[in-house]
Amino acid sequence: MSVLLEATGLAVEYHRRGGPTVRAVDGVDLRLNRGEILGLVGESGCGKSTLGRAVVGLLPAAAGEIRFAGHPVAPLGRRRRPRQLRGLQMVFQDPYASLNPRRRVGEQIADGYLLGGVARAETVRRTGELLERVGLAADAASRYPHEFSGGQRQRIAIARALATDPSCIIADEPISALDASAQASVANLLVALVRELDMGMVFISHDLSVVRQIADRTAVMYLGRVVEVGPTQQLWSAPAHPYTRALIAAVPRADGAGVLPVELPGDVPDPARPPTGCRFHPRCPLARPECVRHDPPLVALSGDRAAACVLQNAGEPARPLGELDPAASPAQK
Ligand code: SF4
């Protein structure tokens with residue numbers, strides 16, 4: 001499986017007016033293979049959307065490197081080569097805001113074909129085909145976005161992204177603004193397109209249960225860092241990082257209960273003033289004294305997995321969910 005997209009040491013900063021510089025993404029290494037769906041999860045404010053926007057060039061990177069299809073890409077969109085701009089596309093959370101309400105659907109999709117040098121007359125035929133491919137009628141091209149439901153608008157946004165013939169899609173919470181009835185069908189559409197077109201997709205979501213169903217691998221972010229990454233089913237059945245365990249434990253079951261009776265204490269700390277040592281230590285049920293001082297790097301585990309926790313550094317294996325009771329842990333603060 002060839003590497004399609006790779007971020008190394010990627011950092012993204014923003015400046016609070018009259019306040020400190022905030023590192024919303026702080027030294028992230030991430031890899032996406034061709035034909036793969038990588039889920040990117042974490043609580044609100046963890047930096048996952050910021051990371052996605054930096055990858056497609058909507059935000060500047062403060063440090064690090066992004067490589068796409070084997071070539072380094074400039075961290076700022078306007079300096080990227082046209083082929084790189086077309087090859088990396090983004091689908092946004094809000095299909096109402098991402099489409100121009102004053103332009104016909106067909107015109108907005110045709111923009112992508114024109115960028116790629118397709119003759120204007122040819123764009124009409126291709127736009128109709130693309131609309132059908134995403135589950136809409138070809139004559140939707142002559143209508144305006146307000147004439148469609150939220151799910152249909154997201155299909156239009158997906159068609160618009162596909163018009164540049166991308167090999168990589170960054171989908172930022174692409175179903176969370178949709179009705180429950182549309183969520184599954186749009187998620188299934190994205191999965192089918194990635195498989196059929198042999199693309200890669202980073203699927204950014206706060207919803208672990210959706211990511212569990214569709215992602216081949218999952219990366220977990222906390223306060224601007226990736227704290228665990230690995231094949232989704234392994235990560236789900238035996239999470240290596242206490243934060244991953246807590247996220248999974250909070251996913252409701254069909255009977256209304258969580259998998260484990262674990263709740264994360266407190267809120268996500270202010271990213272302008274991250275905790276010393278392991279950033280998760282103020283909320284970690286397994287924290288040890290060294291966690292306050294030592295900032296654990298992301299280290300490779302067996303089976304294409306990696307985690308950033310002193311427990312793994314000390315050789316403790318990832319354990320099946322349910323085997324470890326945090327309430328009985330040797331947590332010391
Ligand atoms: Fe918890 Fe320490 Fe691991 Fe951080 S390094 S997740 S505080 S056990």
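**Figure 1. Surroundings of the ligand in the predicted model.** The shell around the ligand consists of 11 nonpolar residues and two polar residues, with no charged residue among them. In total, 13 residues surround the ligand. The closest of these are the cysteines C278, C284, C291 and C309, together with V310.

**Figure 2. The open sheet formed by β1, β2, β4 and β5.** Four strands make up this open sheet, arranged in the order β2-β1-β4-β5 and paired in antiparallel fashion. From one strand to the next, the twist averages 30°. In a regular strand, side chains alternate between the two faces of the sheet.

**Figure 3. Pairing of β1 with β2 and with β4.** Strand β1 covers residues 3–15. Its antiparallel pairing with β2 comprises 10 bridges, and V12 has V25 of β2 as its bridge partner. Five bridges connect β1 to β4 (residues 63–68), and these two strands also run antiparallel. Within β4, R67 is the residue that stands opposite E6.

**Figure 4. Helix α1 across the sheet strands.** Helix α1 comprises residues 48–56 and lies across β1, β2 and β4. The helix runs at about 115° to β1.

**Figure 5. The hairpin of β4 and β5.** Strand β5 spans residues 71–73 and is joined to β4 by three bridges, with the two strands running antiparallel. R67 has P72 in β5 as its bridge partner, while E6 stands opposite R67 as well. Two residues separate the strands of the hairpin. A69 belongs to the loop between β4 and β5 and has a positive phi of about 50°, although A69 is not a glycine. The relative accessible area of A69 is 42%, which means that this residue is partly exposed.

**Figure 6. The loop between α5 and β7.** D165 is placed in the loop that lies between α5 (150–162) and β7 (168–172). The phi of D165 is near 55°, a positive value in a residue other than glycine.

Key: Residues are numbered from 1 along each chain as its sequence is written. This is a predicted model: local features need pLDDT of at least 70, side-chain atom pairs count only at pLDDT 80 or more; totals for chains, interfaces and linings use all residues. Side-chain values use heavy atoms; hydrogens and water are left out. Two strands pair if DSSP finds at least two bridges between them. Buried means under 20% relative accessible area, exposed over 50%, partly exposed in between (1.4 Å probe, protein chains only). A residue is near a molecule or strand if one of its heavy atoms lies within 4 Å of it. Ala, Val, Leu, Ile, Met, Phe, Trp, Tyr, Cys and Pro count as nonpolar, Asp, Glu, Lys and Arg as charged, and the others, Gly among them, as polar. Axes are lines fitted to C-alpha atoms, for helices over the stretch in contact, and angles run from 0 to 180 degrees between N-to-C directions. Contact means heavy atoms within 4.5 Å.
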